[in-house]
Amino acid sequence: MDRVPVLKIGEILLVSIQIDLDDQTALQLQEDLSDRIVETGAHGVVIDISALEIVDSFIGRMLSTIAAVSRVLDAETVVVGMRPAVAITLVELGLSLNGVRTALNVDKALEILAEAKQVRGVGVLTVRGSDDVPL
Amino acid sequence: MTELEEPQRLPIADDKDVVRVRQAVRVIALAAKLPLVDQTKLVTAASELARNTLIHGGGGHALVGQVHNGRRAGVRAEFVDTGPGIADLDLAFTDGYTTGSGLGLGLSGSRRLVDEFEIVTAAGEGTRITVTKWAR
């Protein structure tokens with residue numbers, strides 16, 4: 001089975017989806033990412049979808065689920081690199097990507113994650129995850 | 001209805017077949033010179049409908065190819081299954097309604113993404129959905 005690699009860079013997990021995802025591979029990525037967030041204590045996840053030619057309702061739901069699960073695990077997810085044609089299609093399809101933060105590129109995503117970490121800074125020093133400022 | 005030219009018949013029996021169907025539709029959309037946004041819309045609709053054929057229809061097949069209508073070229077895809085069919089079409093086309101675990105956007109959403117959408121179904125009779133996107 002195909003598997004999408006999850007790379008750890010500092011406190012960030014980086015996923016760049018370079019294949020045409022089938023549904024099983026999408027579900028596997030969801031699981032792999034959750035495991036890796038817990039394993040590494042990463043505070044941020046960046047998912048690069050610039051190679052994706054389409055985002056249908058299944059992949060859209062995967063992105064929403066990853067964002068929600070990562071938040072519960074004390075990590076913020078940012079989706080980057082959506083193609084304009086994909087964005088237009090998503091809106092027309094009726095998919096809102098609820099709760100998914102997006103950025104135009106990886107640089108911008110890293111800025112967002114750095115800010116998010118600062119906001120939580122004090123909480124991180126005391127009891128991590130128990131007294132977060134809501135994001 | 002205009003004739004489907006040199007149709008390709010693709011089985012839809014698992015996840016990988018859904019990927020193959022959207023790849024085949026993309027190749028034909030490129031050949032028919034559909035603009036990029038329209039290619040993306042059609043491929044996305046094909047992905048939703050192929051998944052419906054797999055999950056709700058219990059598998060089936062797709063027929064994809066070009067069509068011509070006077071001066072215009074277009075791409076057509078048919079999705080055929082012999083599954084349980086759809087008893088209540090109004091309900092099935094309601095955004096957010098689902099009998100599976102999805103988001104309920106497959107049918108209603110894909111109809112918004114194409115130029116022509118035809119559905120033939122009845123309870124116990126299977127389902128045939130035909131979509132067409134025309135080059136501008």
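Guide: Contact means that heavy atoms lie within 4.5 Å. The model discussed here is a predicted one. With that cut-off, Ser70(A) is in contact with Ile37(A), Ala75(A), Glu76(A) and Thr77(A), once its neighbours within four places in sequence are left aside.

Visitor: Where in chain A is Ser70(A) placed, and is Ser70(A) buried or exposed?

Guide: A residue is called buried when its relative accessible area is under 20%, and exposed when that area is over 50%. Ser70(A) belongs to helix 2 of chain A. Its relative accessible area is 0%, so Ser70(A) counts as buried.

Visitor: Which residues line the largest cavity?

Guide: A cavity is a space where a 1.4 Å probe fits but cannot get out. Searching the whole structure gives one cavity of 30 Å³ or more, and the largest cavity holds about 30 Å³ of space. Its lining consists of Gln30(A), Leu33(A), Ser34(A), Ile37(A), Ile66(A), Val69(A) and Ser70(A).

Visitor: Which helices supply the lining of the largest cavity, and what classes of residue does the lining have?

Guide: At least two lining residues come from each of helix 1 (23-40) and helix 2 (57-72) of chain A. Helix 1 of chain A gives the largest share, four residues. By class, four lining residues are nonpolar, three are polar and none is charged.

Visitor: Contact can also be examined for a residue in a loop. What does Leu97(A) touch?

Guide: Leu97(A) sits in the loop between helix 3 (84-93) and strand 5 (101-103) of chain A. Not counting residues up to four places away in sequence, Leu97(A) touches Gly60(A), Ser64(A), Met82(A) and Leu90(A). With a relative accessible area of 11%, Leu97(A) is buried. Sequence distance and spatial distance should be read separately: Leu97(A) and Ser57(A) are 40 residues apart in sequence, and their C-alpha atoms are 9.4 Å apart in space.

Visitor: Let us turn to chain B. In what order do the five strands of the open sheet lie?

Guide: Strands pair when at least two bridges are found between them. In chain B, five strands form an open sheet in the order 1-2-3-5-4, with antiparallel pairing. Strand 1 (5-12) and strand 4 (116-121) of chain B are the edge strands, each pairing on one side only. From one strand to the next, the twist averages 15 degrees.

Visitor: Which helices pack on the sheet?

Guide: Helix 1 (residues 15-31) of chain B packs on the sheet and touches strands 1, 2 and 3 of chain B; its direction makes about 165 degrees with that of strand 1 of chain B. Helix 2 (residues 36-55) of chain B also packs on the sheet, touching strand 1, strand 2, strand 3, strand 4 and strand 5 (127-134) of chain B. The direction of helix 2 of chain B makes about 15 degrees with that of strand 3 of chain B.

Visitor: How many bridges join strand 2 to strand 3 of chain B, and which residue stands opposite His61(B)?

Guide: In a regular strand the side chains alternate between the two faces of the sheet. Strand 2 (residues 60-69) and strand 3 (residues 72-81) of chain B run antiparallel and are joined by 10 bridges. In strand 3 of chain B, Val80(B) stands opposite His61(B), and Val75(B) stands opposite Gln66(B). Two residues lie between the strands of this hairpin, where Gly70(B) takes a positive phi near 65 degrees.

Visitor: Why is strand 2 of chain B described as largely enclosed?

Guide: Strand 2 of chain B is largely enclosed by the rest of the structure because seven of its 10 residues are buried. Strand 2 of chain B also pairs with strand 1 of chain B, in the antiparallel sense, over six bridges. There, Ile12(B) has Gly60(B) as its bridge partner in strand 2 of chain B.

Conventions: Residues are numbered from 1 along each chain as its sequence is written. Chains are lettered from A and ligands numbered from 1 in the order in which they are written. This is a predicted model: local features need pLDDT of at least 70, side-chain atom pairs count only at pLDDT 80 or more; totals for chains, interfaces and linings use all residues. Side-chain values use heavy atoms; hydrogens and water are left out. Axes are lines fitted to C-alpha atoms, for helices over the stretch in contact, and angles run from 0 to 180 degrees between N-to-C directions. Buried means under 20% relative accessible area, exposed over 50%, partly exposed in between (1.4 Å probe, protein chains only). On a 1 Å grid over the protein atoms alone, a cavity is a set of points where a 1.4 Å probe fits but cannot get out, and a pocket is an open set with protein on both sides within 12 Å along at least five of seven lines; lining residues have an atom within 4 Å of a point. Grid points are joined across faces, edges and corners, and a volume is the space filled by probe spheres set on the points. Ala, Val, Leu, Ile, Met, Phe, Trp, Tyr, Cys and Pro count as nonpolar, Asp, Glu, Lys and Arg as charged, and the others, Gly among them, as polar.
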